[in-house]
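Hello,

Here is the model I promised to pass on to you. Have a look at it first, and my notes follow below.

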Amino acid sequence: MQSSNGRHRDGGEGSESSAERHEDQGEYGTTSPEVSYQDPWYDAPGPGWGEPDTTAVPAPAVPAARTERDWAEVRARNVYLEVQRSAAFQEVRSSYRRFVVPGVAVFLTWYVAYVVTATTAPGLMARPVAGAVNVGMLAGLGQFLSTFVLTWAYARHARLRRDRAALELRWDTQELTRGARGGVL
């Protein structure tokens with residue numbers, strides 16, 4: 001009896017010996033003369049690898065060094081670099097950093113304190129507060145609450161301190177870019 005891959009399943013039962021089977025079979029148990037690799041992609045080179053182009057389409061022309069439109073795009077890119085170096089942009093970024101860096105530090109400290117306390121002081125976390133509610137449950141709920149409070153504070157800070165300046169900066173940048181491109185978008 002043979003399996004689907006050509007290997008004999010019986011442990012040597014049959015008319016031929018295991019030595020004869022070994023001589024007649026290839027690496028995977030199939031007979032060597034019958035095995036041929038019939039993959040049509042095996043020897044085919046990839047497109048553009050030494051084969052002539054038979055599509056009858058002319059090769060694309062080498063582009064010119066720079067056109068007027070290319071120079072306009074270069075000037076438009078320089079506008080973004082100028083805006084990034086401007087005082088208005090730096091003020092928006094510093095306002096963002098003044099809120100985010102302390103906010104992340106406080107939140108990560110609170111989170112690490114919760115995890116460390118939960119693992120090192122299980123007695124404290126198991127102390128009951130009211131009925132089945134213990135200190136650990138209140139601290140865990142405090143994690144969720146602090147996430148929502150921090151999100152609200154971030155949105156409020158952005159709305160009151162940064163959004164107007166960032167929007168004005170965006171409009172100014174778009175006007176400068178249009179001017180650098182000659183009014184073409």
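**What I found**

A nonpolar patch on the surface is formed by Val129, Val133, Met137, Leu138, Leu141, Phe144 and Phe148, with about 720 Å² of accessible area together. Patches are built from residues with over 30% relative accessible area and no salt bridge, joining like charges within 9 Å and nonpolar side chains (Val, Leu, Ile, Met, Phe, Trp, Tyr) within 5 Å. The areas come from the Shrake-Rupley method with a 1.4 Å probe, and for residues only the protein chains shown count as cover. Helix 5 (residues 135-180) gives the most to this patch, with five residues. Met137 lies in helix 5 and is partly exposed, at a relative accessible area of 44%. For burial, under 20% relative accessible area is buried, over 50% is exposed, and partly exposed is in between (1.4 Å probe, protein chains only).

A word on the source: this is a predicted model, in which local features need pLDDT of at least 70 and side-chain atom pairs count only at pLDDT 80 or more, while totals for chains, interfaces and linings use all residues. Residues are numbered from 1 along each chain as its sequence is written, and side-chain values use heavy atoms, with hydrogens and water left out.

Now the overall layout. The chain has five helices and two strands, taken as DSSP runs numbered from the N terminus (helices H or I, at least four residues; strands E, at least two). From the N terminus on, the order is α-α-α-α-β-β-α. Of the 185 residues in the chain, 15% are buried. The accessible surface comes to about 15,000 Å², and 60% of that belongs to carbon and sulfur atoms.

Helix 3 (residues 87-120) has 34 residues and reaches 48 Å from its first C-alpha to its last, close to the 50 Å expected at 1.5 Å a residue. That expected span is 1.5 Å times one less than the number of residues. Val92, Ser95 and Gly103 are buried in helix 3.

How many aromatic pairs does a search of the whole structure find? The search finds one. The ring centres of Phe99 and Tyr154 are 5.9 Å apart and the planes are at 50°, so the pair is tilted. This pair links distant parts of the chain, with Phe99 in helix 3 and Tyr154 in helix 5, 55 residues apart. Rings of Phe, Tyr and Trp (its six-membered ring) pair if their centres lie within 6.5 Å, and planes under 30 degrees apart count as stacked, over 60 as edge-to-face and the rest as tilted. Tyr154 counts as partly exposed, at 32% relative accessibility.

There is also one salt bridge, the rule being a side-chain nitrogen of Lys or Arg within 4 Å of a carboxyl oxygen of Asp or Glu. Arg98 forms a salt bridge with Glu91, and their closest N and O atoms are 3.2 Å apart. Arg98 is exposed at 53%, whereas Glu91 is partly exposed at 44%.

Finally, Leu169 is found in helix 5 and is buried, with a relative accessible area of 13%. Leaving aside neighbours within four places in sequence, Leu169 is in contact (heavy atoms within 4.5 Å) with Val83, Ser86, Ala88 and Phe89.

Best wishes
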